[in-house]
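Let's take a friendly walk through this structure, one region at a time. Keep the viewer open as you read.

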Amino acid sequence: MSDANIPCEQNFMLTQEDFDRFARLSGDHNPIHVDPEFSARTSFGRTVSHGMLLFSVVRSLLAQTWPGSTLNRQSLMFPSPAYAGDTLALVVEQQKAEGDRLVLKTTITRPDGETCLTGECELTVPGKEAS
């Protein structure tokens with residue numbers, strides 16, 4: 001497999017309906033995610049995405065870019081909120097490649113440049129040549 005896919009980027013937008021559906025699926029009904037009236041009275045001013053919903057977008061891009069790969073580990077931080085209706089930018093960059101393993105840096109940023117997710121993932125990529 002070639003490393004021509006790195007870095008890979010994807011823009012996406014989440015909606016309040018996405019937040020609501022993720023809450024139903026995950027059982028995480030924290031009002032900061034699903035109650036606009038409650039959220040309006042917080043320091044965020046509006047509902048914010050679940051962190052794991054953001055990571056789900058990362059995981060989807062990894063699976064599309066490296067089909068059949070195995071996610072060995074991940075580390076994630078969520079320094080700033082992601083809001084419904086914002087066009088978010090996901091960037092995946094290579095940190096290290098050894099044999100069939102890739103270590104990737106993942107970042108999601110808001111339109112104002114604030115980072116919503118930062119992390120590192122390690123994948124095993126079947127058929128990847130040693131770099």
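## A strand pair and its sheet

Thr109 stands opposite Thr115 in β5. In this predicted model, strand β4 (residues 101–109) pairs with strand β5 (residues 115–124) through nine bridges, in the antiparallel sense.

Both strands belong to an open sheet of five strands, ordered β1-β3-β4-β5-β2 with antiparallel pairing. At the edges you will find β1 (8–13) and β2 (70–77), each of which pairs on one side only. On average, neighbouring strands of this sheet are turned by 20° against each other, direction ignored.

Now look for helix α4 (residues 51–65), which lies across β1, β2, β3 (87–98), β4 and β5. Helix α4 runs at about 40° to β5. With 15 residues, α4 reaches 22 Å from its first C-alpha to its last, close to the 21 Å expected at 1.5 Å a residue.

Which residues of α4 are buried? They are Leu53, Leu54, Phe55, Val57, Val58, Leu61, Leu62 and Thr65. Their cover includes the strands β1, β2, β3, β4 and β5, and also helix α1 (16–26).

His33 sits in helix α2 (residues 31–34). Is His33 buried or exposed? Its relative accessibility is 9%, so His33 counts as buried, the cut-off being under 20%.

Leaving aside neighbours within four places in sequence, the contacts of His33 are Gln16, Phe19, Asp20, Asp28, Thr47, Val48, Ser49 and His50.

Terms used. Residues are numbered from 1 along each chain as its sequence is written. This is a predicted model: local features need pLDDT of at least 70, side-chain atom pairs count only at pLDDT 80 or more; totals for chains, interfaces and linings use all residues. Side-chain values use heavy atoms; hydrogens and water are left out. Helices (H or I, at least four residues) and strands (E, at least two) are DSSP runs, numbered from the N terminus. Buried means under 20% relative accessible area, exposed over 50%, partly exposed in between (1.4 Å probe, protein chains only). Contact means heavy atoms within 4.5 Å. Two strands pair if DSSP finds at least two bridges between them. Axes are lines fitted to C-alpha atoms, for helices over the stretch in contact, and angles run from 0 to 180 degrees between N-to-C directions. The expected span of a helix is 1.5 Å times one less than its number of residues.
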